[in-house]
Amino acid sequence: MGLVQREIEAAGFSTISLSMMPELTASVGSPRIAAIEHPFGLTMGLPGDATCQLEVLRGTLRALQEISQPGSVVNLPFEWKSSDRLKMYPPEPPPIVKYLRRHPWYFPKFLKRTPPKVHEALPRPRQ
Amino acid sequence: MKHWISLGASREIPWTPLSKPLSRCTVALLSSAAAALKTDQPFDQDIERQDPWFSDPSYRILPRAASAGEVRVCHLHINPCFAEEDLNCVIPIGRLNELEALGEVGRSAPSHYSYMGYTLRPEALLAHTVPDIIRHLRQEQVDAVVLVPV
């Protein structure tokens, strides 16, 4: 998201990115970050929780106005209540998870986010 | 060998200051949830299933009146049921319209945008999709963009 944000900011728009992984977003040079400790897939809050969603958006827009130093991170004051027991996982494991189970030697490349060349990376037919 | 985190840290950060009060700004939302109107072409999940380092690099427009029942979420790393029940979980279109009605934001843009997040090969996204989105933002005289990951 930070890479996309940089392009839009460079094109002349003021941008802010929410982020559940602010260190990662900041590491690519994001101009403004609003960090939030919400689960993946529920960035703004639970379905139907309009109050939370509105306050997250307000906090993000406030940070957009207040940040004056490029690359700054504002931590939004929201805590996820552990009592919200939800089925967070996707219906099927993400393809990269299945792939790394079968190709564990690519795990360092995954951690460094340096994908192998296309011809190396495509799944091979089973023997 | 350097990896991209250390390379990125030394880059210059682009900067466009907010040119006017938010109450006079047009604001657009950009979500990486791979959300598409059901009447639109869905994102191609099989691209990522075949090459897990890459995903469909296209984007879709979500009009400012879009609501949850009209949208399909195709991101393969989240449970899409929450966003399909209430789009505002990941793309706060309804909440932004409320801030417009309250006068806290000048205008919610006519269009908001979504692409398929999670790719370790962002070249096509950055070379084609993002410039297209930027053209739309200019046409609709957007001032500020809020990016919402999932």
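In the predicted model, B:Ala36 touches B:Pro42, B:Phe43, B:Arg60, B:Val71, B:Arg72, B:Cys74 and B:Ser114, when residues up to four places away in sequence are left out of the count. B:Ala36 belongs to strand 2 of chain B, which covers residues 35–37. The residue counts as buried because 22 C-beta neighbours lie inside 10 Å, against a cut-off of 20 or more. A separation of 14 residues in sequence from B:Leu22 corresponds to a C-alpha to C-alpha distance of 28 Å between B:Ala36 and B:Leu22.

The loop between strand 1 (26–31) and strand 2 of chain B contains B:Ala34. This residue has a phi near 55°, a positive value in a residue other than glycine. Most residues other than glycine have a negative phi. B:Ala34 is classed as buried because 31 other C-beta atoms are found within 10 Å. A positive phi also occurs at B:Gln141, where the value is near 50° and the residue is again not glycine. B:Gln141 lies in the loop that connects helix 5 with strand 7 (144–148) of chain B. With 10 C-beta neighbours inside 10 Å, B:Gln141 counts as exposed, since the class requires 12 or fewer.

At the level of the whole chain, chain B comprises five helices and seven strands. Their order along the sequence is α-β-β-α-β-β-α-α-β-β-α-β. The radius of gyration of chain B is 16 Å, close to the 15 Å given by the globule rule for 150 residues, so chain B is as compact as a globular protein of that length. Along the principal axes, the C-alpha atoms of chain B occupy a box of roughly 50 × 40 × 25 Å. Among the contacts in chain B with a separation of 6 or more, 76% are between residues 24 or more positions apart.

Chain A contains six helices and three strands, arranged from the N terminus as α-β-α-β-α-β-α-α-α. Of its 127 residues, 34% are counted as buried. Residues 24 or more positions apart contribute 49% of the contacts in chain A with a separation of 6 or more.

Between the two chains, 57 residues of chain A are in contact with 55 residues of chain B. On the side of chain A that touches chain B, helix 1 (2–10), strand 1 (14–19), helix 3 and helix 4 (95–102) each supply at least two residues. The composition of this side of chain A is 34 nonpolar, 17 polar and six charged residues.

Two helix pairs across the interface were examined further. Two packed helices are described by the angle between their axes and the distance between the axes. In one pair, helix 3 (residues 50–66) of chain A packs with helix 4 (residues 93–101) of chain B at an angle of about 70°, the axes being 9 Å apart. Helix 3 of chain A is therefore roughly perpendicular to helix 4 of chain B, as angles of 65 to 115 degrees fall in that class. The crossing of helix 3 of chain A with helix 4 of chain B is right-handed. Residues A:Ala50, A:Gln53, A:Leu54 and A:Leu57 of helix 3 of chain A meet B:Arg95, B:Leu96, B:Glu98 and B:Leu99 of helix 4 of chain B. By class, this contact consists of five nonpolar, one polar and two charged residues.

In another pair, the axes of helix 1 of chain A and helix 5 (residues 123–139) of chain B come within 10 Å and cross at roughly 50°. This angle makes helix 1 of chain A oblique to helix 5 of chain B. Helix 1 of chain A passes helix 5 of chain B in a crossing that is right-handed. From helix 1 of chain A, A:Leu3, A:Val4, A:Glu7 and A:Ile8 meet B:Leu125, B:Leu126, B:Val130 and B:Ile134 of helix 5 of chain B. The contact between helix 1 of chain A and helix 5 of chain B has seven nonpolar residues, no polar residues and one charged residue.

Note on methods. Residues are numbered from 1 along each chain as its sequence is written. Chains are lettered from A and ligands numbered from 1 in the order in which they are written. This is a predicted model: local features need pLDDT of at least 70, side-chain atom pairs count only at pLDDT 80 or more; totals for chains, interfaces and linings use all residues. Axes are lines fitted to C-alpha atoms, for helices over the stretch in contact, and angles run from 0 to 180 degrees between N-to-C directions. Helices (H or I, at least four residues) and strands (E, at least two) are DSSP runs, numbered from the N terminus. Angles under 35 degrees count as roughly parallel, over 145 as roughly antiparallel, 65 to 115 as roughly perpendicular and the rest as oblique. A crossing is left-handed if the near helix is turned anticlockwise from the far one by less than a right angle, and right-handed if clockwise. Two residues are in contact if their C-beta atoms, placed from the backbone, lie within 7 Å. Ala, Val, Leu, Ile, Met, Phe, Trp, Tyr, Cys and Pro count as nonpolar, Asp, Glu, Lys and Arg as charged, and the others, Gly among them, as polar. The radius of gyration is taken over C-alpha atoms; the globule rule is 2.2 Å times the number of residues to the power 0.38.
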